[in-house]
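Take a look at the structure below.

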Amino acid sequence: MDFKKSNTPLTTVTRDMIELSQDTGNIYETVCIISKRANQIAQQMKSDLEKKLQEFAPYNDNLEEINENREQIEISRYYERLPKPTLIATQEYIDHKLFFRKSNKDRNNI
């Protein structure tokens, strides 16, 4: 997934909680859905970053020789400039790009 192509703002935006919770009917369920998606995005971003930085990993364990690799720094800066996973997940929820469902157990209790 290319996180840079999403239309997510880079800074936090104040949201109307009542409007956000209209799909689920409960603000806590909405927050739970967004947080679970944010965790998925964070894990994916972390694994992508680790894969890209693995190419630059030194094969020897000499602590005295730490070289600054310009490409490695640029990759790290790229990931630092991306929107935070919670912002991406919230935008996906607002754009109705998230699929969620209630389990049968929850439906019987309501």
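At what angle do the axes of helix H2 and helix H4 cross? The axes of H2 (residues 27–54) and H4 (residues 85–94) come within 8 Å and cross at roughly 125 degrees. Here helices (H or I, at least four residues) are DSSP runs, numbered from the N terminus, and axes are lines fitted to C-alpha atoms over the stretch in contact, with angles running from 0 to 180 degrees between N-to-C directions. H2 and H4 are therefore oblique to each other, a label for angles left over once under 35 degrees (roughly parallel), over 145 (roughly antiparallel) and 65 to 115 (roughly perpendicular) are taken out.

A word on the source: this is a predicted model, where local features need pLDDT of at least 70, side-chain atom pairs count only at pLDDT 80 or more, and totals for chains, interfaces and linings use all residues. Residues are numbered from 1 along each chain as its sequence is written, and side-chain values use heavy atoms, leaving out hydrogens and water.

Now follow H2 itself. Among the buried residues of H2 are Ile 33, Ala 38 and Asp 48, buried meaning under 20% relative accessible area with a 1.4 Å probe, protein chains only. Their cover includes helix H1 (17–20), H3 and H4.

Glu 55 counts as exposed (over 50%) because its relative accessibility is 60%.

Technical notes
Helices (H or I, at least four residues) and strands (E, at least two) are DSSP runs, numbered from the N terminus. Contact means heavy atoms within 4.5 Å.
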